[in-house]
Amino acid sequence: MGSLLVIGPLAVPVAAACAYAVLGWNRATAWLGALSAAGVLACAVALAATGGGDALGGQLTGDALSAYMLLVIGAVALLAMLAGPAYLAAELAAGRTGPRAMRRYGVLTQSFIAAMALAVLASSLGLLWVAIEATTIVTAFLVGHRRTREATEAAWKYVVICSVGIALALLGIVMLHYAGTHAGVTSLGWAELTAHADRLDPGVTRIAVVLLVLGFGTKAGLAPMHAWLPDAHSQAPAPVSALMSGVLLSVAFYAVLRTKVIADAALGAGFARTLLVIVALASLAVAALLLLGQRDYKRLLAYSSIEHMGLLALGAAVGGALALAAVLLHILGHGLGKSVLFLSAGRLHQAVGSSRMDAVRGLTARAPLLGGTFGLGLLALLGLPPFSLFASELGIARAGFAAGLGWAIAPALLLMLVIVAAVCRHAGRMLLGDSPDGAVATPYSVAVPLVAGLAACAALGIATGPLHSLLRAAATIAGAAP
């Protein structure tokens, strides 16, 4: 049974992709993506409840951390896929897509979900690298879905920068394998590398860890290799942007977490901590500076993702049970909140025909539901209660001060205040003021995931409920002491 639950999150979206390839995108298959995402979520819940398992001769492993990441993938994918049919219907009506492009969209989005599931279920560093590279190939075509000049440029920029990053990660894997081979460790499996990390050559391992953090950090949108993110997220279809920002960045950061476990066992906690603090503060500074002068609301959401990846890096640097549990909770809260915002932004862009902030005024009066979900989503990402990001950011800050990292937490909090001020200034102009003529309708199939995503994010901020034990188990695997 455990093997089936491990294979399920891969088999379900692969089957859906094949169905789209054969049948195309039509009224009968439009909701197949949502059913597939629900299947991934169900497998994740069952895997967490049963305690995990292995499949394919140990190539796939579903431990508590993998099961938690699958929950994030399934939850965000479900929101994005529920909004997909209405989004594509509006694109088709406007002449911006066609049957062939919609078929391709169905195949690629399901392949994207399958690749992310493979990444978090991979039992070795090598297979994880293959899965991350697969997400780059698949999403490059999704970023350029509209085939406009801007979308094509964004897709190429995404491919070039992420290919450099993934090449650095591959070089890091080669270096780590070299360090292990000379110590009698020939496997790239997580369990073997962690168990025998004390035998790895320290000098070579340091170089490998730097390359791995920079490489996977590129895909996670961490500075200094973040430049692809604003263009790709602003040009991709809204459901794809929700998947990329809400969960792909976190899947890449999952690779950083796994790398940190090996680094801490081989080199002690200080090396990876220093590296992650530098990357975290650089990401927060980049996000704060670029958000101040932002004029595009989709790019605003993209720069916000850089901020939150920086917070994850800071929490991982702190380490310990509280910080790592807060990091994992932040991953889920960010995924839910950011998917709501990108889906709202996609509907708004289709209604007004522009992603410029100055083209949107009085949104709460013009479209109460859309304006309300967009405004509440921004409040969630700014870390206001009752949303879960308030609890996770508080947990990271508390753990940081307790661990003696107040010198890093203090500037991070100052940069976050700058970000809050910038986002509130931009949001006030969009949401408030006089409303232009013409209401913006929100289809029922879009309204449901928007409201559900916000409700789930708020519920997690009040109580983690059945996720509590899973969070503790996953945080232990990510490096916290039992």
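## What covers helix α18

Helices here are DSSP runs of H or I with at least four residues, numbered from the N terminus.

Helix α18 itself runs over residues 444-462, and its 19 residues reach 27 Å from the first C-alpha to the last, close to the 27 Å expected at 1.5 Å a residue; the expected span is 1.5 Å times one less than the number of residues.

Residues are numbered from 1 along each chain as its sequence is written. Because the model is predicted, local features need pLDDT of at least 70 and side-chain atom pairs count only at pLDDT 80 or more, while totals for chains, interfaces and linings use all residues, and side-chain values use heavy atoms, with hydrogens and water left out.

For α15, 14 residues at 1.5 Å a residue should span 20 Å, which agrees with the 20 Å between its end C-alpha atoms. Its buried residues are L370, G371, T373, F374, G375, G377, L378, A380 and L381, and what covers them includes α12, α13, α14 (363-366), α16, α17 (406-431) and α18. After α15 comes G383, which has a positive phi near 85°.

## The pairing of α3 with α13

The axes of helix α3 (residues 64-93) and helix α13 (residues 320-352) come within 10 Å and cross at roughly 5°, where axes are lines fitted to C-alpha atoms, for helices over the stretch in contact, and angles run from 0 to 180 degrees between N-to-C directions. The two helices are therefore roughly parallel to each other, a term for angles under 35 degrees. On the α3 side the contact (heavy atoms within 4.5 Å) is made by L65, Y68, M69, V72, A75, V76, L79, A80, A83, Y87, A90 and E91, and on the α13 side by L328, L329, I331, L332, G335, L336, S339, L343, G346 and Q350. By class, these comprise 17 nonpolar, four polar and one charged residues, with Ala, Val, Leu, Ile, Met, Phe, Trp, Tyr, Cys and Pro taken as nonpolar, Asp, Glu, Lys and Arg as charged, and the others, Gly among them, as polar.

Also in helix α13 is H334, which counts as buried because its relative accessibility is 1%. Not counting residues up to four places away in sequence, H334 touches S245, S305, H308, M309, S339, L381 and L389.

## The pairing of α11 with α12

Helix α11 (residues 269-292) and helix α12 (residues 297-318) have axes that come within 8 Å and cross at roughly 160°, and they are therefore roughly antiparallel to each other, the term for angles over 145 degrees. Contributors to this contact include R273, L276, V277 and A280 of α11 and L300, Y303, S304 and I306 of α12. The residues of the contact divide into 16 nonpolar, three polar and two charged.

S304, in helix α12, is buried at 7% relative accessibility. Leaving aside neighbours within four places in sequence, S304 is in contact with L291, K338 and L381.

Definitions and conventions. Parallel < 35°, antiparallel > 145°, perpendicular 65-115°, else oblique. Buried < 20%, exposed > 50% of the residue type's maximum accessible area, 1.4 Å probe, protein only.
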